[in-house]
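Work through the exercises below with the sequence and the model side by side. Try each task before reading its solution.

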Amino acid sequence: MKFLNINQEVWYYYGYASQEIAGLMAINGKEKFQSNICLAFTSKSTDEKDDIYLAVAYKDKVSTFCFQLSSKRRQNMKQAILLGIEKTLRMINEI
C-alpha cells in the first residue's frame with residue numbers, strides 16, 4: 001500500500017480487508033488524486049460469502065460500510081458497486 005501511504009504496521013494490524021483499511025485508502029486516495037471524492041473497496045472471500053468493505057471520503061467526512069454477500073464472486077462485485085453508488089449519492093445529498 002505504498003502508493004496510498006498506508007503504513008505496513010497498520011496494514012498488518014487490521015488486515016488487508018477491513019473497514020479501517022478501506023477508510024485509509026479512501027482518505028489517502030482523495031488526497032493523492034486531489035479530488036473531491038474517493039471510493040475505496042477491499043474484500044475477502046470464503047467459500048460461503050464475500051466480506052466487502054467500502055469507504056467513501058467526501059469533503060471532510062469518511063463513511064465506511066461492510067457488505068456480506070453470498071452470491072458468486074462476480075455478482076457480489078457488481079452488487080457492491082451498486083451499493084457503493086447508492087451510499088455515495090446519499091452521502092453527497094446529505095451535505
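**Exercise 1. Cysteines**

How many disulfides does a search of the whole structure find?

Solution. This is a predicted model, in which local features need pLDDT of at least 70 and side-chain atom pairs count only at pLDDT 80 or more, while totals for chains, interfaces and linings use all residues. Residues are numbered from 1 along each chain as its sequence is written, and side-chain values use heavy atoms, with hydrogens and water left out.

Step 1. A disulfide is a pair of cysteine sulfur atoms within 2.5 Å. The search of the whole structure finds zero disulfides.

Step 2. Cys 38 is in no disulfide, and its nearest cysteine sulfur, that of Cys 66, is 19 Å away. Seen from Cys 66, the closest cysteine sulfur is in Cys 38, and 19 Å is too far for a bond.

Step 3. Now place the two residues by accessibility: buried means under 20% relative accessible area, exposed over 50%, and partly exposed in between (1.4 Å probe, protein chains only). Cys 38 has 14% relative accessibility and so counts as buried. Cys 66 has a relative accessible area of 35% and is partly exposed.

**Exercise 2. Strand S2 and its partners**

Which strands pair with S2, and in what sense?

Solution. Step 1. Helices (H or I, at least four residues) and strands (E, at least two) are DSSP runs, numbered from the N terminus. Two strands pair if DSSP finds at least two bridges between them.

Step 1. Strand S1 (residues 37-45) pairs with S2 in the antiparallel sense over nine bridges. S1 and S2 form a hairpin with four residues between them.

Step 2. S2 also runs antiparallel to strand S3 (residues 61-69), and nine bridges join the two. Their hairpin has two residues between the strands, and in it Lys 59 takes a positive phi near 55°.

Step 3. Follow Ala 55 to both sides. Ala 40 stands opposite Ala 55 in S2, and in S3 the bridge partner of Ala 55 is Thr 64.

Step 4. In a regular strand the side chains alternate between the two faces of the sheet. From S2, Asp 50, Ile 52, Leu 54, Val 56 and Tyr 58 point one way, and Asp 51, Tyr 53, Ala 55 and Ala 57 point the other way. Nine of the nine residues of S2 are buried, so the strand is largely enclosed by the rest of the structure.

**Exercise 3. The nonpolar core**

Which residues make up the largest nonpolar core?

Solution. Step 1. A nonpolar core is a set of buried Ala, Val, Leu, Ile, Met, Phe, Trp, Tyr and Cys residues joined through side-chain atoms within 4.5 Å. In soluble globular proteins, nonpolar side chains tend to be buried together.

Step 1. The largest such core has 11 residues: Leu 4, Ile 6, Ala 17, Ile 21, Ala 22, Met 25, Ala 26, Ala 40, Tyr 53, Ala 55 and Ala 57. Helix H2 (19-32) and strand S2 (50-58) are the elements that give two or more residues to this core. H2 gives the most, with four residues.

Step 2. Apart from this core lies another, of nine residues, among them Val 56, Phe 67, Ala 80 and Met 91.

Step 3. Look at one member, Ala 57, by its contacts (heavy atoms within 4.5 Å). Leaving aside neighbours within four places in sequence, Ala 57 is in contact with residues including Ala 26, Ile 37, Cys 38 and Val 62.

**Exercise 4. Salt bridges**

Solution. Step 1. A salt bridge is a side-chain nitrogen of Lys or Arg within 4 Å of a carboxyl oxygen of Asp or Glu. The structure holds four salt bridges.

Step 1. Asp 50 forms a salt bridge with Arg 73, the closest N and O atoms being 3.3 Å apart. This pair links distant parts of the chain, with Arg 73 in helix H3 (residues 73-94) and Asp 50 in strand S2, 23 residues apart. Asp 50 counts as buried, at 4% relative accessibility, and Arg 73 as partly exposed, at 37%.

Step 2. Lys 61 meets Glu 94 in a salt bridge (3.6 Å, N to O). Glu 94 is in helix H3 and Lys 61 in strand S3, 33 residues apart. Glu 94 counts as exposed, at 58% relative accessibility.
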